[in-house]
Amino acid sequence: MKKYCIIGSGRQGTAAAFDIVNHGNPKSLTIIDSNNNNLEGCRDKIKKLTDFDVDILNIDIKDQNKLIQSLLDIDIFLSSVPYMFNLYLTDIAIKSKTSMVDLGGHTNNVIKQLEKSKEAKEAGITIVPDCGMGPGMNVSMALLAMEGFDEVEEVRVWDGGLPQEPKPPWNYNLFFNIAGLTNEYDGNAYFIRNGKVAEVPCFEDIETLEFDNIGNLEAAVTSGGLSTMPWTFENKIKLLENKTLRYKGHWEQMIAFRQLGLFREEKLKIDNVEISPRDFYHTLLEPKLEQNNLKDICIMRTEATGMLNGVKTTKKVECIEKYNEDTKFLAMEMWTGFHASMVMQHIAASKIESGAYPIEKALSGNDFYNYAVSRNYKIEIKTS
């Protein structure tokens with residue numbers, strides 16, 4: 001039995017806590033946050049659903065000494081706070097000798113975290129960044145599609161979180177921080193093209209895919225979804241790409257907003273008032289996307305093509321999750337928090353050696369599948 005901790009008591013952290021209690025056989029579970037309302041809400045929800053007593057600590061994570069002290073007796077923690085704190089928390093993990101998993105969100109940060117692998121080994125801990133839905137579960141699903149081939153040539157991933165009942169004109173609900181959404185829609189993604197890592201602009205190569213009982217969805221390039229996977233598989237496969245799924249018309253709107261300059265962070269001066277176009281855009285759009293229509297659906301499809309027993313073969317792996325009426329967890333909360341919890345439990349079971357590892361090296365597709373099936377994920381695998 002291990003002592004677990006979650007830093008950040010928001011939606012994803014609460015979902016991870018629920019999974020740890022149900023599947024991780026914790027000796028204890030401590031939640032750390034500076035927001036008392038969030039802490040008490042997280043504790044009360046876990047108590048109501050599982051009858052497990054979670055310990056809560058009100059700590060400002062910027063208080064380094066207090067945070068280190070609180071982690072000295074903890075085996076592993078999850079960073080469920082904004083990605084800009086993850087590099088700082090990696091140093092905290094090393095100093096407190098506590099293994100760490102995080103929800104990632106910024107590939108350059110992850111690369112810096114992985115560079116601390118030697119320090120993690122010396123501290124006897126394991127660090128795995130970029131867990132969650134994507135990056136995270138999408139990479140694990142891609143590995144699941146790839147495993148079993150004699151030689152893999154091409155890998156494609158499509159995923160997205162959407163409202164079950166879209167309402168025009170937006171046909172989208174905000175299931176996480178709007179700054180994170182715009183961050184996904186700005187900049188470039190990193191894929192593999194012709195065997196080499198390639199930079200691909202957001203909103204490129206829009207395509208339409210059909211899903212049973214859902215209909216047609218549009219997929220477009222967004223940034224950061226594959227984390228370090230392109231570098232890991234460079235020169236090993238010919239093609240690797242990841243696209244985000246949305247209802248029809250969404251990408252057309254976002255392209256127009258970006259072309260108008262609303263994604264710009266540099267301030268403009270208008271009538272002697274300085275304002276960031278991105279802040280202005282967030283202020284106007286965020287309330288439009290928060291429609292109290294929390295029933296969501298998450299969709300993930302991965303496809304690998306290669307040689308199997310001398311025959312050109314394609315393997316498709318698909319999973320769909322809906323808002324849970326019993327627990328009141330969003331599908332996105334479950335896929336994000338549960339995947340991070342799976343990796344924490346993998347570390348706690350000593351199945352990953354000490355050091356810092358990217359998600360594609362920390363958890364195999366088959367290991368993910370076994371964890372997922374035990375949580376009643378409906379994963380469909382087809383080979384043709």
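**Exercise 1. Compare the span of helix α7 (residues 133-146) with its expected span, then say how covered the helix is.**

Step 1. Helix α7 has 14 residues and reaches 18 Å from its first C-alpha to its last. Helices here are DSSP runs (H or I, at least four residues) and strands are E runs of at least two, numbered from the N terminus.

Step 2. The expected value is 20 Å at 1.5 Å a residue, and the span of α7 is close to that. Expected span means 1.5 Å times one less than the number of residues.

Step 3. Of the 14 residues of α7, 13 are buried, so the helix is largely enclosed by the rest of the structure. Buried means under 20% relative accessible area (1.4 Å probe, protein chains only).

Step 4. Just after α7, Gly-148 takes a positive phi of about 105 degrees.

The model is predicted: local features need pLDDT of at least 70, side-chain atom pairs count only at pLDDT 80 or more, and totals for chains, interfaces and linings use all residues. Residues are numbered from 1 along each chain as its sequence is written, and side-chain values use heavy atoms, with hydrogens and water left out.

**Exercise 2. Describe how helix α12 (residues 331-348) packs against helix α14 (residues 365-374).**

Step 1. The angle is about 115 degrees, and the axes lie 11 Å apart. Axes are lines fitted to C-alpha atoms, for helices over the stretch in contact; angles run from 0 to 180 degrees between N-to-C directions.

Step 2. That makes α12 roughly perpendicular to α14 (65 to 115 degrees).

Step 3. List the contact, meaning heavy atoms within 4.5 Å. α12 gives His-339, Met-342, Gln-345 and His-346; α14 gives Asp-367, Phe-368, Tyr-371 and Ala-372.

**Exercise 3. Give the strand order of the parallel open sheet and name its edges.**

Step 1. The 7 strands run β3-β2-β1-β4-β5-β6-β17.

Step 2. The edges are β3 (55-58) and β17 (355-356), each pairing on one side only.

How values were computed. Buried means under 20% relative accessible area, exposed over 50%, partly exposed in between (1.4 Å probe, protein chains only). Angles under 35 degrees count as roughly parallel, over 145 as roughly antiparallel, 65 to 115 as roughly perpendicular and the rest as oblique. Two strands pair if DSSP finds at least two bridges between them.
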